[in-house]
Amino acid sequence: MNTRTFKLSGKKVGLTTLVSLGSTALFAQDQAGDGQMFVVYALLTFVILVMILVIVITFFVVKVINILAERSAREHAEKTGIAYVPPPSWWQTIRQKLTRATPVEKEEDIILDHSYDGIRELDNHLPPWWTWLFYGTIAWAAIYLVVYHVGGWLPLSTEEYLAEVEEIQKLRTSQQVAQIDETALEFTADPEFINKGKEIFVSNCASCHRNDGGGGIGPNLTDAYWLHGGSVRDIFAVIKNGVPEKGMISWAAILKPEEIRDAAFFIMSIQGTNPVEAKAPQGEIYNANDAPGEVRADRVVAKASVNGQ
Ligand code: HEC
């Protein structure tokens, strides 16, 4: 066994450890859900610490073995009378491979035979690190050309930019209050909407209208009497625009249009439930034939101020 085999094996162990370390981290990111993140991070930290420990121990073991091997090679050389030449370190080997530099003692071999005012020129090799970098840029240019221009598999920066702009614009329109056409809104007893609406109602509206809509600070929402009309479009409009001067705020800035719709659907679904100790009727009896969704002047003003139009 000579020293170089030992050195190589040490490097291999280190490399394998690093690679497996990297893949552990990747897997952890891929598979864990939000709730398990803490456990994953704790485990990952532990694994990384163990890996570092293993690397450090391997490094020192390899170092000791190298020293022992060198000592025995030196003794062997002394016994046989051959002068001991220490093998180059891995760093020296790498540097030589990367630069192909001619040692100073051998410069006579590569000196060119002209002299300018005593300045003479060495015919050095191009350093391999430089040539490979150069070839690398050529290969990269070819790959780039094929991927971006010939194949068009990845978007150019202009396309990327335009796609982002489009995404933002989509996001903006989706947040606009006008997204749901309230003048054409129809009630459908879809349990999905109604259940969402119930959640929204309980967390935002129940403090004034009670969980069951029986009323408190705000009016009873389960009876046939309405201050602002009892069609789903009327209810949508009241929630969206509010009646600020009477203590019912506008929810347009707090709830998304589809949340307002869901809350309105929930209110529609509790019509006639007649909860215990409900608030006395307020307003007029609502008749579905009385021009549903009629936009009244007082609400048009409120709507305009909400939309800032
Ligand atoms: C701070 C108390 C308060 C909260 C919170 C509140 N409201 Fe109201 N709400 C009122 C008051 C007061 C009125 C009566 C307004 C009036 O007199 O014109 C009202 C009226 C209404 C009306 C019209 C009733 C009618 O008779 O025409 C609806 C519909 C309504 N609220 C739904 C909601 C919804 C949905 C929420 C939650 C997103 C909500 N309210 C949150 C106080 C509140």
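Helices (H or I, at least four residues) and strands (E, at least two) are DSSP runs, numbered from the N terminus. With that in hand, here is your tour of a predicted model, in which local features need pLDDT of at least 70, side-chain atom pairs count only at pLDDT 80 or more, and totals for chains, interfaces and linings use all residues. Residue numbers start from 1 along each chain as its sequence is written.

**The whole chain.** Show the protein chain to begin: eleven helices and four strands make up its secondary structure. Of its 309 residues, 15% are buried, meaning that 20 or more other C-beta atoms, placed from the backbone, lie within 10 Å of the residue's own.

**Helix α9.** Now select residues 232-241, which form α9. Ten of its ten residues are buried, including Val 232, Phe 236 and Asn 241. Step just past the end of α9 and you reach Gly 242, with a positive phi of about 70°.

**α9 against α10.** Axes here are lines fitted to C-alpha atoms, for helices over the stretch in contact, and angles run from 0 to 180 degrees between N-to-C directions. For the contact (C-beta atoms, placed from the backbone, within 7 Å), pick out Val 232, Ile 235, Phe 236, Ile 239 and Lys 240 in α9, which meet α10 residues including Ile 260, Ala 264 and Met 268. Coloured by class, the residues of this contact are nine nonpolar, no polar and two charged. The classes are nonpolar for Ala, Val, Leu, Ile, Met, Phe, Trp, Tyr, Cys and Pro, charged for Asp, Glu, Lys and Arg, and polar for the others, Gly among them.

**α7 against α10.** Keep α10 and bring in α7: their axes are 7 Å apart and they pack at an angle of about 100°. α7 is therefore roughly perpendicular to α10.

**The ligand.** Finally, centre on the ligand, which 25 residues surround, the closest being Cys 205, Cys 208, Gly 218, Lys 246 and Met 248. A residue is counted here if its C-beta atom, placed from the backbone, lies within 6 Å. The elements giving two or more residues to this shell are α7 (191-204), α8 (206-209), α9 and α10. By class, the shell has 16 nonpolar, eight polar and one charged residues.

Key: Two residues are in contact if their C-beta atoms, placed from the backbone, lie within 7 Å. A residue is buried if 20 or more other C-beta atoms lie within 10 Å of its own, exposed if 12 or fewer, and partly exposed in between; C-beta atoms are placed from the backbone. Angles under 35 degrees count as roughly parallel, over 145 as roughly antiparallel, 65 to 115 as roughly perpendicular and the rest as oblique.
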